[in-house]
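I opened this notebook page to record what I looked up in the model, item by item. The entries follow the order in which I went through it.

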Amino acid sequence: MNPDLRAAPITDTLAPRVRVSSPSPVAVAAPRPLGVHACGIDFRNPIVLASGTAGYGHELSEVIDLDAIGGLSSKAVSVTPRKGAPALRVGEFAGGMINAVGLANPGMHEVRTSHLGYMTQHHAGTRVLINVIGFAINEFAQVIEHLNDLPGHVAYELNVSCPNTKAGGLEFGSDPAALREVVSSARAATQRPLFVKLSPALGSGLVAAAQTAVDAGADALTLVNTMPGLVVDTQTRGTRLGFGSGGVSGPALLPIGVLATWRVSRAMPSVPICGLGGVSSAVDALQYIMAGATLIGVGTASLRDPRAPERIVRDLTRWCNKHGVSDLAEVRGTLQWPQ
Ligand SMILES: Cc1cc2nc3c(=O)[nH]c(=O)nc-3n(C[C@H](O)[C@H](O)[C@H](O)COP(=O)(O)O)c2cc1C
């Protein structure tokens with residue numbers, strides 16, 4: 001089980017995870033036409049499990065067929081272990097989910113020794129991005145330097161957009177000077193591609209932040225992280241979450257993430273985007289692709305239904321076959337904006 005959720009009391013309306021028949025240890029060939037290429041990396045399909053909702057892979061091996069998806073972004077990794085935010089850490093509302101897990105993770109030493117080998121050994125064809133978090137500017141590069149000689153991961157994803165911490169997180173992504181320093185120091189620490197994950201709370205400043213990240217050495221962008229939000233418990237007149245506010249994910253985030261993807265892809269058409277926020281069907285994924293995304297993250301939907309990522313892959317293949325699409329690149333960025 002996802003360590004976030006093991007540590008966090010889950011509201012009982014979240015559907016339980018189900019077992020799938022034992023996944024094949026052999027990577028399956030890319031089912032055409034879904035194979036995509038981003039930053040020099042081949043993904044068998046564009047579906048990537050979103051950071052924080054997939055642990056480090058091994059936690060999901062019995063509930064998701066990890067050979068059916070394109071990739072996985074790990075739970076955040078920080079220099080030192082983090083206990084994270086107090087309970088409750090997750091809650092539901094009509095538009096999706098709100099969480100303040102607080103980037104709980106065992107820290108880079110433990111992640112290196114106990115967590116990162118699994119995907120390489122068992123699901124070598126599924127691409128692993130390591131999600132990195134820092135609470136001081138130099139900590140992003142420190143984590144990367146500690147993990148960079150390990151095989152099996154194809155890229156880093158810098159989380160400069162977490163709304164649920166008292167320091168670091170969103171404040172790096174919203175301050176151009178700090179963002180530039182975080183990305184350029186990470187760039188100096190690795191030759192692997194760097195994805196920079198930005199917040200939808202940047203609003204009209206998002207394109208400028210994306211440009212800053214790319215100018216500082218980012219190869220790709222992940223759009224978007226959760227949106228800051230608040231759910232009030234009207235019985236207690238307190239906050240639903242132990243941290244107070246949290247990050248909104250799930251269906252309410254879909255149009256926000258699609259707009260962010262569209263705006264950034266228009267401004268920087270050659271920069272690959274992993275679009276995420278609220279994807280729970282192939283049609284949702286297609287919205288992101290038409291808006292310009294190359295990869296598609298799936299988070300909350302797979303917490304509700306662990307079969308969702310595989311179903312999205314299947315339905316995307318069907319959609320392409322039905323519409324005579326032999327390569328998703330034919331669909332990418334084809335959104336027609338009203339004149
Ligand atoms: C429980 C939970 C934990 C998360 N932890 C992280 C994290 O560690 N690092 C990160 O970059 N994003 C984290 N996120 C954000 C997701 O990766 C994703 O950006 C967001 O949930 C929107 O996608 P979704 O609507 O498909 O869930 C987390 C989200 C959830 C729901």
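**Entry 1: the chain as a whole.** I noted before anything else that this is a predicted model. I then counted the elements of the protein chain and found eleven helices and 16 strands. Of the 339 residues in the protein chain, buried ones make up 53%. I also looked at contacts between residues at least 6 apart in sequence, and of these 76% join residues at least 24 apart.

**Entry 2: strand β6 and its partners.** Which strands pair with β6, and in which direction do they run? On one count, I found strand β5 (residues 90-93) joined to strand β6 (residues 96-99) by four bridges, the two running antiparallel.

**Entry 3: helix α6.** I listed its buried residues as L179, V182, V183, S185, A186 and A189. As background, an α-helix has 3.6 residues a turn, so residues three or four places apart point the same way. On the other side of α6, I found A177 and A188 to be exposed.

**Entry 4: helix α7 and what follows.** For helix α7 (residues 206-215), I wrote down L206, A209, A210, T212, A213 and V214 as the buried residues. After α7 comes G217, and its phi is positive, near 125°.

**Entry 5: M108.** I picked out M108, which is found in helix α2 (residues 108-115). Is M108 buried or exposed? M108 has 23 other C-beta atoms within 10 Å, and because the cut-off is 20 or more, it counts as buried. Leaving aside neighbours within four places in sequence, I found M108 in contact with V77, S78, V79, V143, H146 and L147. I also looked up P81, which is 27 residues from M108 along the chain, while the C-alpha atoms of the two are separated by 7.5 Å.

**Entry 6: backbone angles.** I kept in mind that most residues other than glycine have a negative phi, and that most peptide bonds are trans. I then went through the loops with that in view.

- A87 and L88 are joined by a cis peptide bond with omega about -10°, and L88 has its place in the loop between β4 (71-73) and β5.
- The peptide bond from L223 to V224 is also cis, with omega near 20°, and V224 lies in the loop between β10 (220-223) and β11 (227-229).
- C39, in the loop between β1 (36-38) and β2 (41-43), is a residue other than glycine with a positive phi, near 55°; with 17 other C-beta atoms within 10 Å, C39 is partly exposed.
- R237, in the loop between β12 (232-233) and β13 (238-239), has a positive phi near 60° and is likewise not a glycine; R237 has 7 C-beta neighbours inside 10 Å and so counts as exposed.

**Entry 7: the ligand.** How many residues surround the ligand? I found 29, of which the closest are G52, A76, S249, G299 and T300. By type, the residues of this shell divide into eleven nonpolar, 15 polar and three charged. Going back to the elements, I noted that β6, β16 (295-298) and α10 (300-304) each supply at least two residues of the shell.

Note on methods
Residues are numbered from 1 along each chain as its sequence is written. This is a predicted model: local features need pLDDT of at least 70, side-chain atom pairs count only at pLDDT 80 or more; totals for chains, interfaces and linings use all residues. Two strands pair if DSSP finds at least two bridges between them. A residue is buried if 20 or more other C-beta atoms lie within 10 Å of its own, exposed if 12 or fewer, and partly exposed in between; C-beta atoms are placed from the backbone. A residue is near a molecule or strand if its C-beta atom, placed from the backbone, lies within 6 Å of it. Ala, Val, Leu, Ile, Met, Phe, Trp, Tyr, Cys and Pro count as nonpolar, Asp, Glu, Lys and Arg as charged, and the others, Gly among them, as polar. Two residues are in contact if their C-beta atoms, placed from the backbone, lie within 7 Å.
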